[in-house]
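Hi there,

I'm passing on the structure we talked about, with some notes to go with it. Have a look, and then read on for what turned up.

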Amino acid sequence: MKERIQQLLSQIQQLQAGSAEELEALRIKYLSKKGEISALFNDFRNVAPEDKKEIGMRINELKQQAQNRFEELKAQFEAAKAEAERQDLTCTADPVTLGTRHPLSLVREEIIDIFSRIGFTVEEGPEVEDDKHVFGMLNFAPEHPARDMQDTFFIEKEEGIQKPTDILLRTHTSSVQTRVMTTQKPPIRVLCPGRVYRNEAISARAHCFFHQVEGLYIDKNVSFADLRQTLLYFAKEMFGADTKIRLRPSYFPFTEPSAEMDISCNICGGTGCGFCKQTGWVEILGCGMVDPNVLESCGIDSKEYTGYAFGMGVERITNLKYRVKDLRLFSENDVRFLNQFQSC
């Protein structure tokens with residue numbers, strides 16, 4: 001009996017398990033009701049009376065050491081399991097370079113955020129539009145130059161299905177405004193961001209596609225003073241509290257009166273530099289009061305409601321904010337250029 005106990009003790013002290021299943025098999029072998037140690041207790045009745053005390057103590061010590069050894073092995077497996085669960089084994093072994101937000105996306109979201117603080121909501125529309133929503137409802141004359149092939153991308157379909165000049169790539173997001181005015185009742189206060197297309201030669205200062213954000217507000221008793229204060233608020237939020245604005249008379253078919261807005265140059269502070277051509281002012285957007293003809297064509301009573309509209313190029317604002325001189329950089333996906341905005 002003593003030799004058997006000593007033999008089992010040596011085995012238990014050297015126990016190793018490669019898996020949880022193997023450890024469970026060893027537990028059953030030694031500590032279960034039909035295991036090796038239980039067999040010792042069954043044979044204990046055959047021990048001579050004078051040896052029962054010593055043998056009994058050794059069997060109890062063997063059982064205690066066996067339980068301790070199994071607890072140690074179990075703890076090791078649980079620790080290894082917890083570590084495996086903590087590690088993300090789906091991660092690549094190579095370091096992953098974090099991406100960056102595109103500068104146009106950064107500026108677009110900042111513009112939307114500024115106007116959303118004063119109640120403007122975002123509306124979007126299709127980039128492939130029809131002549132009615134892009135030109136007709138916006139008071140463009142049939143002979144207006146914007147309707148010429150050299151200025152606008154028209155989409156031609158098979159003969160007999162669609163006239164070649166009815167479908168086009170929108171030249172401004174004002175088409176979204178006409179869709180809003182025909183589907184919603186005043187008061188209307190919306191912001192229309194999106195990509196637009198014009199048939200222009202690509203250069204450092206022009207591109208065949210670019211991005212706009214246009215705004216529209218229609219309600220009773222809306223005045224040009226409301227428009228000016230809204231744009232002044234935007235300029236100060238976007239370019240700084242010291243920014244000044246000026247409005248110059250202009251012409252757009254869909255607004256009357258119309259104006260172009262300049263801001264004081266944020267590079268030289270209005271003193272004059274090469275960027276502002278020594279004038280101290282930089283043009284950033286066009287605006288005006290919505291022409292009554294546009295309101296009527298969209299089903300809004302121009303005698304009861306008035307409104308203002310404005311539109312700006314996102315690339316233009318980005319140029320001013322980040323001093324990017326070449327428009328082509330925005331669409332070339334040059335990683336060296338995009339990495340400059342990694343912390344933005």
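**Helix H4 and its neighbours**

The buried residues of H4 pack against helix H1 (2–13), helix H2 (20–31) and helix H3 (36–43). Those residues are Ile55, Gly56, Ile59, Leu62, Ala66, Arg69, Phe70 and Leu73; buried means under 20% relative accessible area, exposed over 50% and partly exposed in between, using a 1.4 Å probe and protein chains only. Contacts throughout are heavy atoms within 4.5 Å, and helices (H or I, at least four residues) and strands (E, at least two) are DSSP runs numbered from the N terminus.

Please bear in mind that this is a predicted model: local features need pLDDT of at least 70, side-chain atom pairs count only at pLDDT 80 or more, and totals for chains, interfaces and linings use all residues. Residues are numbered from 1 along each chain as its sequence is written, and side-chain values use heavy atoms, with hydrogens and water left out.

**Two helix pairs**

H2 and H3 pack at about 5° with their axes 4 Å apart, which makes them roughly parallel. Here Lys29, Tyr30 and Leu31 of H2 meet Glu36, Ile37 and Ser38 of H3.

The axes of H5 (residues 103–116) and H10 (residues 314–322) come within 9 Å and cross at roughly 100°, so this pair is roughly perpendicular. On the H5 side the contact includes Pro103, Leu104 and Leu106, and on the H10 side Val314, Glu315 and Ile317 are among the residues involved.

Axes are lines fitted to C-alpha atoms, for helices over the stretch in contact, with angles from 0 to 180 degrees between N-to-C directions. Under 35 degrees counts as roughly parallel, over 145 as roughly antiparallel, 65 to 115 as roughly perpendicular and the rest as oblique.

**Cysteines and Thr171**

How many disulfides are there? The count is zero, taking a disulfide as a pair of cysteine sulfur atoms within 2.5 Å. The sulfur of Cys192 has its closest cysteine sulfur in Cys298, 12 Å away and too far for a bond. Cys192 is buried at 0% relative accessible area, and Cys298 is buried at 6%.

Thr171 lies in the loop between strand E4 (167–169) and helix H7 (174–183) and is buried at 6% relative accessibility. Leaving out residues up to four places away in sequence, Thr171 touches Val134, Phe135, Thr152, Val196, Tyr197, Arg198 and Gln212.

Best wishes
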